[in-house]
Amino acid sequence: DLLKGLQKSVVGSGPALPDATIADGLKEALAVGAVNAVGAVSRQDGYFGNPQIRIPLPGPVEKVAPALRAFGLGERIDALDLSMNRAAEKAAPMARDIFIGAIQQMSFEDARAILGGPDNAATLYLEKKTGAALSAAFQPIVRDSMAAVGVTRAYQDLQAKASAVPFGAVAGFDLDRYVTEQSMEGLFFMLGQEERRIRQDPSARATDLLRQVFGSSGK
């Protein structure tokens, strides 16, 4: 089990560790996972090259994509697809400090609740604590990034062309919000992957404190 060493310390069935050590161990585990997750999505193709979190075309565009391609607009659709994901990759590094700040504020009671929770308890905790701040921080960066890499222009071009396609209107869709939400969803997915890795793989416990706190699991 992921935090078996910490669980033993909390419930008293293993070597006793001070509450502060237990909390610090969990904070360090989460910090390692957060840095790894943010790093994974921030590099080039962090989103676009990962089919698990790649941002798909918005529904209104996806619906009319075959007709638009038939009109010779395939390159513009592909450009929109790529540029949305590039914008997400550019915005993602902003999450690092927000995650670390939330982790540093975690109390021992928070740590105890996470240890007694489901396998993604830490990810759910960070999503609850940082979701609003991430959205507020991501959206302007996503907006500016999309303008810089051409998302807005590509989408506006498609809007104009889609209006000529029967049932193809895409006006009124909030593209900034869509890319922001998809960026966050992909980031939390990767954070959940890191949480599971640290829970299940002793080699992922890369610091002395993690090895001390998790070592009583016998793994």
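Of the 219 residues in the protein chain, 46% are buried, where buried means under 20% relative accessible area, exposed means over 50%, and partly exposed is in between, with a 1.4 Å probe and protein chains only. This is a predicted model, so local features need pLDDT of at least 70 and side-chain atom pairs count only at pLDDT 80 or more, while totals for chains, interfaces and linings use all residues. Residues are numbered from 1 along each chain as its sequence is written, and side-chain values use heavy atoms, with hydrogens and water left out.

The overall picture, then. The protein chain has 10 helices and 0 strands; these are DSSP runs numbered from the N terminus, H or I with at least four residues for helices, E with at least two for strands. Accessible surface comes to about 10600 Å², and carbon and sulfur atoms hold 52% of that; the areas come from the Shrake-Rupley method with a 1.4 Å probe, and for residues only the protein chains shown count as cover. Taking contacts with a separation of 6 or more, 81% are between residues 24 or more positions apart, a contact being heavy atoms within 4.5 Å.

Next, the loop between helix H2 (19-42) and helix H3 (59-70), which holds Leu57. Leu57 has a relative accessible area of 12%, so it counts as buried. What does Leu57 touch beyond its neighbours within four places in sequence? The list is Glu62, Ile77, Leu80, Asp81, Met84 and Tyr178. Between the C-alpha atoms of Leu57 and Asn85, 28 residues apart along the chain, the separation is 10.0 Å.

Asp81 belongs to helix H4, residues 74-91, and is buried at 13%. Setting aside residues up to four places away in sequence, Asp81 touches Phe48, Arg54, Ile55 and Leu57. From Asp81 to Pro58 is 23 residues in sequence and 9.1 Å in space, C-alpha to C-alpha.

One of those contacts is also a salt bridge: Asp81 pairs with Arg54, with the closest N and O atoms 2.6 Å apart. The pair links distant parts of the chain, since Asp81 is in helix H4 and Arg54 is in the loop between H2 and H3, 27 residues apart. The term requires a side-chain nitrogen of Lys or Arg within 4 Å of a carboxyl oxygen of Asp or Glu. Arg54 is partly exposed at 34%. The structure holds 8 salt bridges.

Asp45 is partly exposed, at 33% relative accessible area.

On to helix H9, residues 175-200. Its 26 residues should span 38 Å at 1.5 Å a residue, and the end C-alpha atoms are 38 Å apart, which agrees; the expected span is 1.5 Å times one less than the number of residues. At the start of H9, a side-chain oxygen of Asp174 comes to within 3.4 Å of the backbone nitrogen of Asp176.

Further along, Arg197 and Glu194 form a salt bridge at 3.2 Å, N to O. Why are they about one helical turn apart? Because they are 3 residues apart in helix H9. Arg197 is partly exposed at 34%, whereas Glu194 is buried at 14%.

Last, Thr123 in helix H7, residues 121-149. Is Thr123 buried or partly exposed? At 6% relative accessibility, Thr123 counts as buried. Outside four places in sequence, Thr123 contacts Phe188, Leu191, Gly192 and Glu195.

Note on methods: A polar contact is a pair of N or O atoms within 3.5 Å; within protein, one must be able to donate a hydrogen and the other to accept it, and residues adjacent in sequence count only if both atoms are side-chain atoms.
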